[in-house]
Amino acid sequence: MGMFLLVQPQTAGRLPRLTPPPPQVVLRKQPGDGGPGKGKNSDPDKAPGKDPEDAPVEADDPGGNLLLCRQCRHQVTKSGARTVIYGAHSHVFCNPHGHVFEIGCFRSAPGCALLGPQTAEFTWFAGYAWQIAVCGACRTHLGWRYAHADGSAFYGLILQQLVEESDKG
């Protein structure tokens, strides 16, 4: 695993705390506990290591407010596409170059275009390869698409690059 620092979100006016990344933990349910495999509640379509409501799945129209590119106001996704990955919707990370990002996890982001190949190098989500995601209209960097070998995927979008607008006309 590459070297990077995980920045914990600010709490009660304190500065962010820099900590080393947690060891790679693979969350797998045991057979019979409802996880993948041979269990009475197993569902082979769910991504391993996540609760059913956490499993990223593509939705035709997730509903909710529009989330737009801050630069050009192109529609990127909707608030209803928010999802929880590793116990939270939003995460704060520092990349190997020292840039800090607060990202939100989304099941889909049809307004994004993907650039470059997928890589697992310096990934912030163990077991997921990432690919750069940009605005489909102006090409502003909006975040990354994370793909797991099991076929599940989600978008980690930089929250300060998005603007929320009511979907009601």
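Begin by selecting Asn95, which sits in the loop between strand 5 and strand 6 (100-106), and keep in mind throughout that the model on your screen is a predicted one. Is Asn95 buried or exposed? With a relative accessible area of 15%, Asn95 is buried, because the cut-off for that word is under 20%. Show its side chain, and you will find that the side chain of Asn95 reaches the backbone nitrogen of His97 at 2.9 Å.

**The aromatic rings**

Across the whole structure, a search finds 10 aromatic pairs. Select Phe93 and Trp124 to look at one of the pairs: the ring centres are 4.7 Å apart and the planes stand at 10°, so this pair is stacked. Where in the chain do Phe93 and Trp124 lie? Phe93 belongs to strand 5, while Trp124 is in the loop between strand 7 (112-119) and strand 8, so the pair ties together parts that are 31 residues apart in sequence. Both residues count as buried, Phe93 at 6% relative accessibility and Trp124 at 11%.

Phe101 lies in strand 6 and Trp124 in the loop between strand 7 and strand 8, so far along the chain that the pair links distant parts, 23 residues apart. Phe101, at 15% relative accessibility, counts as buried. Now widen the selection to the aromatic cluster, which is formed by Tyr86, Phe93, Phe101, Trp124, Phe125, Tyr128, Trp144, Tyr146 and Phe154.

In soluble globular proteins, nonpolar side chains tend to be buried together. For the largest nonpolar core in this model, which has 13 residues, select those with the most contacts inside it, namely Val76, Phe106, Ala109, Cys112, Leu142, Tyr155 and Leu157. Strand 3 (66-69), strand 8 (128-135) and strand 10 (153-158) are the elements that give two or more residues to this core. A second, separate core of 12 residues includes Phe101, Tyr128, Trp144 and Ile158.

Then centre the view on Leu142 and ask which residues it touches, not counting residues up to four places away in sequence. Leu142 touches Cys69, Val76, Cys112, Ala133, Val134, Cys135, Gly156, Leu157, Ile158 and Gln161.

**The cysteines**

How many disulfides does the structure hold? There are 0 disulfides. To see why for one cysteine, select Cys72 and Cys135: the closest cysteine sulfur to that of Cys72 is in Cys135, at 3.6 Å, which is too far for a bond, because a disulfide needs the sulfur atoms to be within 2.5 Å. Cys72 counts as partly exposed, at 32% relative accessibility, whereas Cys105, at 0%, counts as buried.

**The salt bridge**

For the last stop, select Arg82 and Glu164, which form a salt bridge with their closest N and O atoms 3.5 Å apart. This pair links distant parts of the chain, since Arg82 is in the loop between strand 4 (75-78) and strand 5 (90-94), Glu164 is in strand 11 (residues 162-165), and the two are 82 residues apart. Both partners are partly exposed, Arg82 with a relative accessible area of 35% and Glu164 with one of 41%. The count for the structure comes to 1 salt bridge.

Technical notes: Residues numbered from 1 in each chain as written. Predicted model: local features only at pLDDT ≥ 70, side-chain atom pairs only at ≥ 80, totals over all residues. Heavy atoms only, no water. Salt bridge = Lys/Arg side-chain N within 4 Å of Asp/Glu carboxyl O. Helix = DSSP H or I, 4+ residues; strand = E, 2+ residues; numbered from the N terminus. Buried < 20%, exposed > 50% of the residue type's maximum accessible area, 1.4 Å probe, protein only. Polar contact = N/O pair within 3.5 Å; in protein donor to acceptor, adjacent residues only side chain to side chain. Core = buried A, V, L, I, M, F, W, Y, C linked by side-chain atoms within 4.5 Å. Contact = heavy atoms within 4.5 Å. Phe/Tyr/Trp six-rings, centres within 6.5 Å; stacked < 30°, edge-to-face > 60°.
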